[in-house]
Amino acid sequence: MTTQLTIALSKGRIFEETLPLLSEAGIEAAENPEQSRKLIIGTNHDHIRLIIVRATDVPTYVQYGAADFGIAGKDVLTEHGGEGLYQPLDLQIAKCRMMVAVAEDFDYERASQPGCRLRVASKYPHIAAEHFASKGVHIDLIKLYGSMELAPLVGLSDAIVDLVSSGNTLKANHLKAVEHISDISSRLVVNKAALKLKYHVLQPIIDAFAKVARCTS
Ligand code: ATP
Ligand code: MG
């Protein structure tokens with residue numbers, strides 16, 4: 001009997017940027033989830049399927065073994081904690097930066113001295129808490145699920161911790177990036193049990209992904 005493989009991906013940029021990696025491993029998606037709206041997508045191999053989940057849910061599906069492996073941003077993995085996951089590879093896709101941003105006219109230098117108190121809105125409470133703790137700045141953390149850029153504009157927070165790539169969204173909303181927390185890219189995450197039990201089918205795929213990642217790094 002052939003070993004079944006389930007791969008967890010999120011729609012949008014992760015799916016698009018993963019296609020060339022899958023292709024190197026000889027795997028072609030049967031459909032585009034953007035058009036088909038299906039959550040389980042077949043491939044050119046009967047024993048390999050893709051499941052489409054929310055980006056933040058990828059580690060959870062892999063951790064519990066509902067998917068054998070998946071692709072998730074370092075941001076998502078840091079917030080999740082990485083429990084039960086093996087992270088063998090930085091795929092060098094979906095690259096961006098985790099930054100602190102404030103309103104253009106906000107004096108961040110002054111407001112972020114050790115001992116100061118700052119209201120910070122973010123979708124990434126763990127990353128934000130750790131960053132400000134390391135600076136000795138106290139924060140009141142406001143958890144948001146999207147459109148973080150709005151928070152400083154309407155007085156919900158002094159600062160945001162969010163992903164930035166071009167900086168155009170910040171600029172369009174009269175915000176400025178004031179601190180670089182970390183570089184972000186997406187990683188391969190593998191269920192630890194699956195890696196042992198399905199090693200013979202997983203390893204060639206990991207090797208193919210590594211080959212593409214090396215060329216783009
Ligand atoms: P949604 O945008 O639908 O709320 P999401 O933000 O969870 O969902 P994506 O925007 O597809 O999903 O982001 C998926 C991953 O891609 C993130 O976890 C991050 O690692 C990376 N990413 C996010 N924004 C950018 C960006 N502007 N440029 C490059 N990579 C990004
Ligand atoms: Mg997004």
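Asp 140 is partly exposed, because its relative accessible area is 32%. The model is a predicted one, and in it the side chain of Asp 140 meets that of Arg 117 in a salt bridge, with 3.0 Å from N to O. Asp 140 belongs to strand E8 (residues 138-143) and Arg 117 to strand E7, so the pair ties together parts that are 23 residues apart in sequence. Arg 117 itself has a relative accessible area of 55% and therefore counts as exposed.

**Salt bridges**

The count of salt bridges comes to seven. Among them is the contact between Glu 24 and Lys 211, whose closest N and O atoms are 2.9 Å apart.

With a relative accessibility of 31%, Arg 119 counts as partly exposed. Asp 158 counts as buried because its relative accessibility is 17%, and the limit for that class is under 20%.

| Glu 24 | Lys 211 | 2.9 Å |

**Overall architecture**

The chain has ten helices and eleven strands. Of its 217 residues, 46% are buried. Along the principal axes, the C-alpha atoms fill a box of roughly 65 × 35 × 30 Å.

**Strand E1 and its partners**

Strand E1 (residues 5-9) is mostly covered, with five of its five residues buried. The cover extends to both faces of E1: Leu 5, Ile 7 and Leu 9 are buried on one side, and Thr 6 and Ala 8 on the other. E1 pairs in the parallel sense with strand E3 (residues 48-52) over five bridges, and within this pairing Leu 5 stands opposite Ile 48. E1 also pairs in the parallel sense with strand E4 (residues 69-73), here over two bridges. Opposite Ile 7 stands Phe 69 of E4.

**Aromatic contacts**

Which residues form an aromatic pair? A search of the whole structure finds one such pair. Phe 69 and Phe 209 make up the pair in an edge-to-face arrangement, with 6.1 Å centre to centre and 80° between the planes. The pair links distant parts of the chain, since Phe 69 is in strand E4 and Phe 209 in helix H10 (residues 199-216), 140 residues apart. Both Phe 69 and Phe 209 are buried.

In another contact with a ring, Lys 143 lies over the face of Tyr 145, at 4.7 Å from the ring centre.

**Surface patch**

Leu 150, Leu 153, Val 154 and Leu 156 make a nonpolar surface patch of about 350 Å². One of these residues, Leu 153, has its place in helix H7 (residues 150-153). Leu 153 counts as partly exposed because its relative accessibility is 41%.

**Loops and backbone**

Ala 94 lies in the loop between strand E5 (85-90) and strand E6 (96-103). Its phi is near 50°, a positive value in a residue other than glycine. Ala 94 is buried, because its relative accessible area is 12%.

His 174 also has a positive phi in a residue other than glycine, near 55°. The residue is placed in the loop between helix H8 (168-172) and strand E10 (175-184).

Gln 113 lies in the loop between helix H5 (108-111) and strand E7 (117-122). Its relative accessibility is 37%, so Gln 113 counts as partly exposed. Gln 113 and Lys 135 are 22 residues apart in sequence, and their C-alpha atoms are 8.1 Å apart in space.

Terms used. Residues numbered from 1 in each chain as written. Chains lettered and ligands numbered in written order. Predicted model: local features only at pLDDT ≥ 70, side-chain atom pairs only at ≥ 80, totals over all residues. Heavy atoms only, no water. Buried < 20%, exposed > 50% of the residue type's maximum accessible area, 1.4 Å probe, protein only. Helix = DSSP H or I, 4+ residues; strand = E, 2+ residues; numbered from the N terminus. Pairing = 2+ DSSP bridges. Phe/Tyr/Trp six-rings, centres within 6.5 Å; stacked < 30°, edge-to-face > 60°. Lys NZ or Arg CZ within 6 Å of the ring centre and 35° of its normal. Patch = residues over 30% accessible without salt bridge, like charges linked within 9 Å, V, L, I, M, F, W, Y side chains within 5 Å. Areas by Shrake-Rupley, 256 points an atom, 1.4 Å probe, with all protein chains shown as cover. Salt bridge = Lys/Arg side-chain N within 4 Å of Asp/Glu carboxyl O.
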